[in-house]
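Keep the viewer open as you read.

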Amino acid sequence: MSSPAPRTPRAAVIVNPTKVDPAALRAVVARHSDWHGWADPLWLETTVEDPGGGVAARAVEAGVTVVLAAGGDGTVRAVAAAMRGTGIPLTLVPSGTGNLLARNLDLPLGDLEYSVRLAFEGTERPMDVGIASVVTADGASADHAFVVMAGLGLDADMIATANPALKKKVGWLAYVDSGMRALPKAKRFRLRYSMGDEEHRHHAHISTVLIGNCGTLPGNILLFPEARIDDGILDIAMMQPRTLFGWLDVWRRVAWENRVMRPFAFGRRIIKLTDAAAPATMTTMRGPRIAMQLEEPRFFELDGDEIAVIRSMTAWVEDDALIVKVPPLV
């Protein structure tokens with residue numbers, strides 16, 4: 001009895017038409033499909049009503065070989081959420097303001113030809129997906145997936161108040177503008193939290209909290225130097241500066257220590273000495289799970305998108321839940 005003929009490979013392209021030139025992308029994908037002997041690609045566009053999750057589910061149901069997501073961070077997050085656990089690899093065609101996941105995967109930005117070629121010739125790499133289960137200010141519950149970072153407080157306020165026209169013109173630098181406007185009005189807030197499965201809850205009085213599945217923010221800012229996309233761990237930073245000088249200390253730690261000094265043993269010794277003597281402006285933790293209860297509702301963001309105003313959140317990691325295409329290992 002003869003075995004059935006193998007199915008011809010086929011790519012699905014999920015494109016946000018407001019971020020990408022669909023005609024140019026279609027031509028490049030069609031050319032690579034033809035070169036590799038693949039079937040004609042499945043073409044799917046996002047809409048305001050469906051930012052990516054619904055069309056990604058259609059691609060999975062169609063049994064495609066690989067999915068290309070061409071859009072910004074919101075498109076990537078929605079597509080990744082629908083594809084986690086399917087085993088179908090995701091290829092990024094970075095086309096947005098922050099391109100957070102692409103930066104953390106060290107993918108080139110603005111190179112359409114290279115990005116598409118990865119779908120056909122790249123290496124498959126598993127990565128974790130973060131899950132945030134939230135209760136909103138009106139008492140509704142929802143679970144959301146994220147691939148890079150979740151944030152509360154000043155971080156989310158910056159994203160909620162960013163100027164859309166400025167974002168389109170200058171990209172992630174628009175967040176600098178909204179941050180400068182939000183900083184003078186920033187108020188610290190209280191929360192209770194617990195790590196992992198511990199029953200004891202800690203108290204904190206902070207300005208912002210960031211929960212990272214990856215380590216790098218827009219502008220190539222390395223917030224979590226120990227973060228890995230496949231370590232099964234969330235990295236958490238709670239920032240509690242009281243003054244402008246406190247925020248300058250946070251900037252020193254993130255922009256100078258993490259990026260310049262930490263890679264070297266001598267630099268790490270200096271960091272250890274200076275941090276012991278400096279006031280506590282940022283506390284970092286690591287673990288597979290964190291639960292938080294807020295004293296008052298706050299803005300909440302995922303991967304650079306404002307999600308809701310929430311009163312509590314529990315975040316955890318789904319290990320190796322998503323396969324992404326990266327450059328071949330040399």
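When talking about helix packing, axes are lines fitted to C-alpha atoms, for helices over the stretch in contact, and angles run from 0 to 180 degrees between N-to-C directions. Helices (H or I, at least four residues) and strands (E, at least two) are DSSP runs, numbered from the N terminus. This is a predicted model, where local features need pLDDT of at least 70 and side-chain atom pairs count only at pLDDT 80 or more, while totals for chains, interfaces and linings use all residues. Residues are numbered from 1 along each chain as its sequence is written, and side-chain values use heavy atoms, leaving out hydrogens and water.

Let's get the overview first. The protein chain has ten helices and 16 strands. Of its 330 residues, 49% are buried, where buried means under 20% relative accessible area, exposed over 50%, and partly exposed in between (1.4 Å probe, protein chains only). Take contacts (heavy atoms within 4.5 Å): among those between residues at least 6 apart in sequence, 72% join residues at least 24 apart.

Now for the helix pair. Helix α2 (residues 53–61) packs against helix α3 (residues 73–83) at an angle of about 40 degrees, and their axes are 8 Å apart. That makes α2 and α3 oblique to each other, since angles under 35 degrees count as roughly parallel, over 145 as roughly antiparallel, 65 to 115 as roughly perpendicular and the rest as oblique. Which residues meet here? From α2 come Gly53, Ala56, Ala57 and Val60, and from α3 come Ala78, Val79, Ala82 and Met83.

Val79 also turns up among the contacts of Ala69, along with Ile14, Leu90, Thr91, Leu92 and Val93, not counting residues up to four places away in sequence. Ala69 sits in strand β3 (residues 66–71) and is buried, because its relative accessible area is 0%. Its C-alpha atom is 8.0 Å from that of Pro94, 25 residues apart along the chain.

On to the cores. A nonpolar core is a set of buried Ala, Val, Leu, Ile, Met, Phe, Trp, Tyr and Cys residues joined through side-chain atoms within 4.5 Å. The largest has 45 residues, of which Val67, Leu90, Leu101 and Leu322 touch the most other members. A second, separate core of 27 residues includes Ala132, Phe146, Ile211 and Met292.

Finally, is Ser194 buried or exposed? Ser194, in strand β8 (residues 189–195), counts as buried because its relative accessibility is 6%.
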